[in-house]
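Here are a few exercises to work through with the structure open in your viewer. Try each task before you read its solution.

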Amino acid sequence: MSAIHPFDEARPLDRAVAREAAEWLVQLHEGATAADVAACDRWRAADPEHERAWQRAQRVNAKFRVVPPGVGMPALGREVRMDRRAALKALTVLLVAGPAAGYLAYRETPWREWISGERTATGERRSLVLADGTHVDLNTATAIDVAFSATERRLILNAGEILVETGPDAHNPSASYRPFVVQTRQGRIRALGTRFVVRQESDEPATRVAVLESAVEITPAAAPQDQRVIPAGQQARFTATRIGMPEPADAHVADWSHGVLFADRMRLADFAAELSRYRTGLLRCDPAVADLRITGAFQLDNTDSILAALPDTLPVHVAYRTRYWVSIVAQEGVSR
Amino acid sequence: MSAAELALQQEVQTLYSDHHGWLYGWLRKRLGNAFDAADLAHDTYVRVLASGQAPQPDDSRRYLTQIAKGLAIDLYRRRQIEAAYLETIAVLASAEAPSEETRAMVVEALVELDALLHRLPAKARQALLLCKLDGLSYREIAQQLKVSVSSVEKYIASALRICIEARNGLLG
């Protein structure tokens with residue numbers, strides 16, 4: 001057996017030399033005089049080993065400088081002593097629980113955990129890139145679980161709406177093809193290399209799928225024999241027992257991923273229902289104005305200003321009882 | 001390539017074909033997931049190659065699991081550090097949030113520093129961190145740790161000496 005040290009750098013330093021270098025660093029850190037600096041320079045020049053120790057010390061300092069103020073202490077400040085068996089156990093727990101969901105920074109961080117949950121608040125949207133390269137956009141009030149195994153890439157849609165663009169899965173460790181599946185309460189949607197939108201309807205027990213590229217295959221949970229392939233450009237609703245007739249996909253079905261709500265002669269009641277998905281609290285539309293039609297592209301990031309602008313184009317009044325209780329009513333209805 | 005290196009490669013190759021499947025299964029059972037098990041099994045062999053030593057044949061599995069456990073601990077620490085760091089920056093508005101590259105660089109630096117610092121005595125470690133990360137003066141550190149300024153200087157010097165001495169520390 002032989003030890004190989006490819007880097008001369010790795011050669012151990014003499015302890016006394018390392019101590020001297022450390023002492024110089026401490027001395028020059030605060031209130032050093034020109035004489036101190038000159039003396040340190042002489043020490044460095046006196047022996048190549050001194051200089052090597054000095055360079056290592058500089059690298060240690062440089063590492064500290066990479067860490068922005070306020071960031072390092074929370075990460076390194078605790079002293080951690082861990083016995084080895086405990087670490088293996090702890091690792092398992094950490095993996096299963098995943099990191100605390102909703103870290104801002106995890107939004108674009110590739111997934112390493114085998115299962116983990118992500119959710120968005122009402123009015124929030126978020127993009128994720130999964131470990132296999134799949135892009136997932138989460139619309140408002142959405143909750144998903146990601147469960148990747150050696151045989152399957154599964155995404156569980158618990159609530160809300162997602163836009164999925166499946167990735168190549170190039171770093172798959174098992175080397176065999178792993179199907180990509182979205183599971184809702186009503187059944188499974190298998191992606192056939194593709195881009196599609198899945199929405200878990202909140203008021204009815206139904207899932208809506210709109211296919212933008214390629215195709216998906218739907219399997220209702222209680223009627224697995226009734227599989228159906230939905231090609232690009234089509235959309236379908238399904239329940240646990242049946243799949244509705246496919247129809248042409250709404251061209252604006254994925255607009256929300258750019259923060260836009262598109263309406264083309266949309267009923268005001270439907271518009272209000274759509275808008276209320278992006279708002280906390282109650283948004284009511286008076287039946288007297290429910291059938292008015294509205295057209296336009298609306299920025300979802302500020303639903304208050306969308307509401308405020310409604311009276312400019314429609315004969316309506318927007319009544320705020322509180323910030324969270326808003327009614328769209330007919331204009332004459334509010335005349336005093 | 002020297003004869004010693006060739007012999008080592010040969011030994012590691014045998015070690016791989018004899019035990020890789022077993023090691024992967026062992027890791028997978030303990031970690032509960034295939035990705036990390038595959039990564040760590042691979043890294044274990046890389047580590048054996050880098051160490052320049054192959055174990056005695058009858059000691060192979062104990063040797064491999066010992067390395068693998070060490071790597072699992074490193075991974076666990078890395079995730080803890082990553083999580084703590086992400087938690088800290090999560091409070092930043094998204095416009096100020098660091099880019100993915102910056103985040104990766106900072107996490108890398110934190111992990112390296114953690115590996116260097118974990119063997120320091122508590123006081124020396126604390127003094128060094130307060131000095132380098134929080135930018136406190138020796139006097140401020142002395143007040144915080146309730147020791148004299150000359151003790152602080154001693155703590156920091158001994159911490160720096162250990163960092164400088166560390167053979168695997170910061171070769172980049």
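**Exercises on burial, a helix and a chain**

At 5% relative accessibility, Cys131(B) is buried, and buried here means under 20% relative accessible area, with exposed over 50% and partly exposed in between (1.4 Å probe, protein chains only). This is a predicted model, where local features need pLDDT of at least 70, side-chain atom pairs count only at pLDDT 80 or more, and totals for chains, interfaces and linings use all residues. Residues are numbered from 1 along each chain as its sequence is written, chains are lettered from A in the order in which they are written, and side-chain values use heavy atoms, without hydrogens and water.

**Task 1.** Work out whether Cys163(B) is buried or exposed, then count the disulfides over all chains.

*Solution.* Cys163(B) has a relative accessible area of 2%, so it goes down as buried.

**Task 2.** Check the span of helix α2 (residues 34-51) of chain B.

*Solution.* Helices are DSSP runs (H or I, at least four residues) and strands are E runs of at least two, numbered from the N terminus. Multiply 1.5 Å by one less than the number of residues. With 18 residues, α2(B) should span 26 Å, and its end C-alpha atoms are 26 Å apart, so the two agree. The buried residues of α2(B) include Phe35(B), Leu40(B), Tyr45(B) and Val48(B). Just past α2(B), Gly52(B) has a positive phi of about 75 degrees.

**Task 3.** Summarise chain A.

*Solution.* Start with secondary structure: seven helices and 18 strands. Then burial: 44% of the 336 residues of chain A are buried.
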